[in-house]
Amino acid sequence: MIDSFFVHTLNGLWYGFILFMIASGLTIIFGVLGILNLAHGELYALGAFVVFSVVGYATGLVASPEDPVSAVVFGVVVLAAALVAAAVLLPVGAFIEAVFVRPIYEREEVYQLLLTYALLLIFVDVMKFGWGTSPLDAGTYGGLNQIPTTELAGFGYPSYNIVAMLVGLAVFAWLVWFFDRSKTGRIIRATAINRDMATAIGVSTDRTFTLVFAMGAFFAGFGGAMVSIGPQTAFLEMGLDPLILSFVVIVVGGLGSLKGAFVGALLVGVISRWAIWLYPAVELAAPFAVMLAILLVKPEGLFGTWGEIE
Amino acid sequence: MSRLSPLEERDGETVVRVPLTNGLTLTKGQTALTLVGILVLFGLPFLAGIVGLSWGRLFRGLLFGMAAVGLNLLLRHTELVSFGHAAFFGGGAYAVAVLAAHLDVSEGLLLLLAAVIVGTLLAAFIGYFVAGYVDIYFALLTLAFNAVIFATVFRSGFFNYNDGLAVRVGGDNPTLFGLGWTDLGYDLVLYYTTIVLMLVMLLLMWRLVHSPFGRALDAIGQDRTRARFIGIPVERYVWISFTISGLYGAFAGGVYALQRLHVQPEPTLYVFVSGEILFMAILGGFTTLVGPLIGGVLLVYLLEATRFSFYYYHAPIGIILLAIVFFMPKGIMGSLPDILAGLSRRASDPGLLGDDLQTIGSSIRRSLSRATTTVRILVFGVR
């Protein structure tokens with residue numbers, strides 16, 4: 001009982017970190033640009049597909065993992081491949097923002113939803129064109145679990161999950177640092193708080209918005225890449241459920257709040273995994289029930305700040 | 001009743017009074033279009049085959065369009081974006097399926113009535129909670145309710161999980177008007193019953209949006225605070241309109257179940273179905289009454305037909321929606337007058353076409369030069 005509680009909680013945390021990587025992009029895009037990006041799940045899926053191609057090439061360069069040293073090298077190469085795959089999403093995100101999203105900031109939000117939905121549909125076919133319709137397995141899960149870190153911890157748990165969680169934590173730490181301490185991050189926050197004022201003191205809002213959208217796409221793609229190098233496969237419809245769950249996450253945490261997205265993601269991840277364990281029938285409904293409760297009781301979310309990243 | 005002529009002069013224009021509407025009128029052109037539309041609806045089972053379209057698909061399109069007409073009451077007047085209307089569509093469909101599969105109710109009209117009641121109650125229940133919210137919160141709340149209902153149905157043995165329920169009692173089609181029918185007869189009777197009910201519902205919606213209640217909804221959409229100041233009970237009116245719009249969705253869902261004779265969660269209840277219903281309204285033109293109906297027929301037809309004939313069936317719809325966003329924001333029906341006027345102007349003065357080309361060319365040049373500047377700055381920084 002205690003053991004399975006532990007394992008399910010860890011699984012929930014893993015899932016939560018993945019959700020956080022997707023939802024962080026969604027929440028900063030919403031916080032700064034004011035756009036709810038329905039195509040965000042497809043960016044996540046695109047990351048998962050790109051990493052499949054990149055990993056196949058990268059792992060061919062190193063020996064297959066047998067002893068600890070080669071296993072660590074293998075793990076590092078796979079992680080680097082995930083980063084490269086996510087980096088592919090940077091220009092993609094910038095292109096989408098500059099060409100499609102920029103002309104509609106001033107329009108009603110119905111059109112913004114319609115536009116991002118149209119992009120979602122187009123992305124599905126782009127991925128179908130690139131990788132076909134059958135699910136793809138990057139095949140690195142076994143190799144990653146050769147890294148013997150978990151034997152040191154004293155209980156059996158896939159080290160891939162541990163690595164993914166650490167990566168998620170690093171992403172959160174970097175984002176907090178970026179928006180709190182770095183100059184670009186502060187400029188972005190200033191733009192989010194007051195666009196006109198930011199323009200008046202010489203910030204190019206266009207470029208800021210492009211950067212933010214590209215960043216959001218990057219983290220969505222990184223989340224997809226981290227999932228795809230694990231036990232899961234990359235498939236065409238994989239973007240839909242995480243997209244809907246990220247809505248839950250950013251609503252629970254507070255729209256536009258980074259810390260909120262972090263707490264919300266872990267909460268949703270753990271709750272859904274506990275539900276699978278204790279009462280599978282409510283697994284799908286549980287996150288939405290949490291979201292409903294939060295929206296009805298505290299609509300601004302746990303860390304709610306409108307249009308401001310904290 | 002005195003023999004009044006249906007024609008009348010008003011503001012220097014000849015208008016046609018529509019019966020049963022307390023003095024609502026159409027212009028001559030609109031009357032002609034309406035009559036043609038009604039004729040096409042009644043002839044559809046026979047006309048569709050001639051031009052090579054699938055009648056069943058058009059029927060389903062009309063049903064989703066009907067749900068979109070309901071949603072449009074919120075979208076057009078109270079300016080609320082609902083992302084959960086599949087809850088009522090699916091609610092109606094499942095009411096039919098559950099009654100037929102578990103309680104052996106075999107009369108189609110009874111099932112339809114139950115669908116409308118269940119879906120409307122559902123809408124009243126959800127509407128009670130969401131009426132006080134606006135903007136993105138309203139959208140996300142309705143989405144959450146929708147998702148909870150979908151997840152419950154999807155994971156519940158009572159609703160037979162993903163496989164759904166068949167709307168058949170002992171292997172037979174439901175009866176309509178107490179009579180058993182052949183397959184073709186069943187479809188035809190169901191279709192014509194639906195069309196008649198649909199026309200009545202459209203007429204009622206038309207009356208509703210031109211009633212004082214409809215005007216009050218407009219006021220709520222423009223400014224809630226002001227609406228409250230002039231004495232409109234905002235939350236209650238939004239609740240009522242939400243319930244009415246759910247009723248339309250529930251009706252459509254009930255007929256959908258009777259037409260398909262099998263109800264599954266994904267095509268009726270999934271959150272993306274809600275999105276599709278919303279986009280039908282915009283595609284057809286949410287500033288008009290019948291636009292959502294047209295949008296529904298078009299989008300459902302595209303979604304279903306392209307799936308079988310093209311390998312890449314998502315992108316064409318995506319491109320159409322993009323075109324709607326950028327070039328026809330008022331949707332098909334909403335932009336029709338503008339397009340016709342523009343075309344007739346160009347027909348009388350061909351010189352305008354040259355101007356058009358020039359405008360297009362210069363705008364492309366301008367955006368290209370802007371793009372190169374942006375890329376230069378991104379790559380090399382500001383000099």
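This is a predicted model: local features need pLDDT of at least 70, side-chain atom pairs count only at pLDDT 80 or more; totals for chains, interfaces and linings use all residues.
Along the principal axes, the C-alpha atoms of chain B fill a box of roughly 75 × 70 × 55 Å. Of the 383 residues of chain B, 39% count as buried. Among the contacts in chain B that join residues at least 6 apart in sequence, 72% are between residues at least 24 apart.

The domain assignment divides chain B into domain 1, covering 54-330, and domain 2, covering 359-383. The centres of domain 1 and domain 2 of chain B, taken over C-alpha atoms, are separated by 44 Å. Thr359(B) is placed in helix α15 of chain B. Thr359(B) has 10 C-beta neighbours inside 10 Å and therefore counts as exposed, the limit for that class being 12 or fewer. Between the C-alpha atoms of Thr359(B) and Arg376(B) there are 26 Å, for a separation of 17 residues along the chain.

Chain A was examined in the same terms. The secondary structure of chain A comes to 13 helices and zero strands, and from the N terminus on its elements run α-α-α-α-α-α-α-α-α-α-α-α-α. With a radius of gyration of 19 Å, close to the 19 Å that the globule rule gives for 310 residues, chain A is as compact as a globular protein of that length. The box filled by the C-alpha atoms of chain A is roughly 60 × 45 × 40 Å, taken along the principal axes. Buried residues make up 54% of the 310 residues in chain A. Of the contacts in chain A with a separation of 6 or more, 79% are accounted for by residues 24 or more positions apart.

Two packed helices are described by the angle between their axes and the distance between the axes. In chain A, helix α3 (residues 68-101) and helix α10 (residues 205-228) pack at an angle of about 145°, and their axes are 7 Å apart. The crossing of α3(A) and α10(A) is right-handed. By class, the contact of α3(A) with α10(A) comprises 20 nonpolar, four polar and one charged residues.

Pro65(A) is found in the loop between α2 (40-59) and α3 of chain A. Because 23 C-beta neighbours lie inside 10 Å, Pro65(A) counts as buried, for which 20 or more are required. When its neighbours within four places in sequence are left aside, Pro65(A) is in contact with Ser70(A), Ala71(A), Phe74(A), Gly143(A) and Gln146(A). Pro65(A) and Glu300(A), which are 235 residues apart in sequence, lie 48 Å apart in space, C-alpha to C-alpha.

The two chains meet at an interface in which 36 residues of chain B are in contact with 33 residues of chain A. On the side of chain B that touches chain A, at least two residues each are supplied by α5 (135-154), α11 (271-284), α13 (315-327) and α15 (351-380) of chain B. The most is given by α5(B), with 12 residues. By class, this side of chain B has 29 nonpolar, six polar and one charged residues.

Backbone geometry was considered for two loop residues of chain B. Most residues other than glycine have a negative phi. Glu79(B), although not a glycine, has a positive phi of about 55°. The place of Glu79(B) is in the loop between α2 (55-78) and α3 (86-103) of chain B. With 18 other C-beta atoms within 10 Å, Glu79(B) is partly exposed. A positive phi, near 50°, is also found in Tyr161(B), a residue other than glycine. Tyr161(B) lies in the loop between α5 and β4 (165-166) of chain B. Tyr161(B) has 13 C-beta neighbours inside 10 Å and so counts as partly exposed.

Technical notes: Residues are numbered from 1 along each chain as its sequence is written. Chains are lettered from A and ligands numbered from 1 in the order in which they are written. Two residues are in contact if their C-beta atoms, placed from the backbone, lie within 7 Å. Helices (H or I, at least four residues) and strands (E, at least two) are DSSP runs, numbered from the N terminus. Ala, Val, Leu, Ile, Met, Phe, Trp, Tyr, Cys and Pro count as nonpolar, Asp, Glu, Lys and Arg as charged, and the others, Gly among them, as polar. Axes are lines fitted to C-alpha atoms, for helices over the stretch in contact, and angles run from 0 to 180 degrees between N-to-C directions. A crossing is left-handed if the near helix is turned anticlockwise from the far one by less than a right angle, and right-handed if clockwise. Domain bounds come from an automatic or database domain assignment. The radius of gyration is taken over C-alpha atoms; the globule rule is 2.2 Å times the number of residues to the power 0.38.
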